[in-house]
Amino acid sequence: MIIGAHDTGPLICSKNGFWLAISTPAAGKPTLGGRRGSASTTPGEWERRTGLRLRFIYRRRGPSLLVTEGRLNTKGRAVASRSKTGHGVVTASIFLLVPQVKLSKRLDLARDAERAVDGVLRLIVARWV
């Protein structure tokens, strides 16, 4: 199924018809937390893991955002700010929200299969005695 997706370049839509959440580097590394076999973090899992609330920002042009108020640590991840004065607090975009994503076609299996067949035929003719 994965190879077929890279061969055709499908259109990916969300299950419930709303948004696909694409994590940014400020979200940190994805974990295998709540969903079995999944290496992506959902906004709900991210809120539970960090204890920070996400805020929805709608934009007409470009993707909408889920942002949080906090600070960025040395690795560029959003974490809770311990400052009482608000020094160093930034608004970090954690997720980009898009209605759908079109994957680019990365493979051409028909072309590669033809090349493999032609290569085998050349090898047979070259070794023919």
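Is Trp19 buried, exposed or partly exposed? Trp19 is partly exposed, at a relative accessible area of 35%. On that scale, buried means under 20% relative accessible area, exposed means over 50%, and partly exposed is what lies in between, with a 1.4 Å probe and protein chains only.

Hello everyone, and a quick word on ground rules. This is a predicted model, where local features need pLDDT of at least 70 and side-chain atom pairs count only at pLDDT 80 or more, while totals for chains, interfaces and linings use all residues. Residues are numbered from 1 along each chain as its sequence is written, and side-chain values use heavy atoms, with hydrogens and water left out.

A pair of aromatic rings is described by the distance of the centres and the angle of the planes. Here, rings of Phe, Tyr and Trp (for Trp, its six-membered ring) pair if their centres lie within 6.5 Å; planes under 30 degrees apart are called stacked, over 60 edge-to-face, and the rest tilted. The count by this rule is one aromatic pair. That pair is Trp19 with Phe56: the ring centres are 6.1 Å apart and the planes sit at 50°, so we call it tilted. Trp19 lies in the loop between strand E1 (11-13) and strand E2 (20-23), and Phe56 belongs to strand E3 (residues 55-57), so the pair ties together parts that are 37 residues apart in sequence. When I say strand or helix, I mean DSSP runs numbered from the N terminus, with at least four residues for helices (H or I) and at least two for strands (E). Phe56 is partly exposed, at 41% relative accessibility.

Now to the charged side chains. How many salt bridges does a search of the whole structure find? The search turns up three, where a salt bridge is a side-chain nitrogen of Lys or Arg within 4 Å of a carboxyl oxygen of Asp or Glu.

One of them joins Arg55 and Glu69, with N to O at 2.8 Å. Arg55 is in strand E3 and Glu69 in strand E4 (residues 64-72), so this bridge links parts that are 14 residues apart in sequence. Both ends are partly exposed: Arg55 has a relative accessible area of 40%, and Glu69 has 41%.

Another connects Glu47 with Arg53, at 3.7 Å from N to O. Arg53 is exposed, at 65% relative accessibility. Then there is Arg111 with Asp112, at 3.3 Å from N to O. Arg111 comes out as partly exposed at 39%, as does Asp112 at 32%.

Please keep Arg53 in mind, as we meet its backbone again with Thr68. Thr68 is in strand E4, and at 2% relative accessibility Thr68 is buried. Its side chain reaches the backbone oxygen of Arg53 at 3.0 Å. That is a polar contact, meaning a pair of N or O atoms within 3.5 Å; within protein, one must be able to donate a hydrogen and the other to accept it, and residues adjacent in sequence count only if both atoms are side-chain atoms. Leaving out neighbours within four places in sequence, Thr68 is in contact (heavy atoms within 4.5 Å) with several residues, including Trp46, Leu54, Ala78, Val90 and Ile94.

Next, please find Cys13 on the screen, in strand E1. Cys13 is partly exposed at 46% relative accessibility. Which residues does Cys13 touch, not counting those up to four places away in sequence? They are Leu20, Pro99 and Gln100. For Cys13 and Gln100, the C-alpha atoms are separated by 4.6 Å, although these residues are 87 apart along the chain. Gln100 is in strand E7 and is partly exposed, at 43%. Beyond four places in sequence, its contacts are Leu11, Ile12, Cys13 and Leu20. Gln100 and Phe18 are 82 residues apart in sequence, with 9.0 Å between their C-alpha atoms.

Further along, Ser104 is in the loop between strand E7 (100-102) and helix H3 (109-127). Ser104 is partly exposed at 45%, and, neighbours within four places aside, is in contact with His6 and Gly9.

Last stop, the surface. Val117, Val120, Leu121, Ile124 and Trp128 form a nonpolar patch with about 550 Å² of accessible area together. Patches are made of residues with over 30% relative accessible area and no salt bridge; like charges are joined within 9 Å, and nonpolar side chains (Val, Leu, Ile, Met, Phe, Trp, Tyr) within 5 Å. The areas come from the Shrake-Rupley method with a 1.4 Å probe, and for residues only the protein chains shown count as cover. Trp128 lies in the segment after H3 and is exposed, at 67%.
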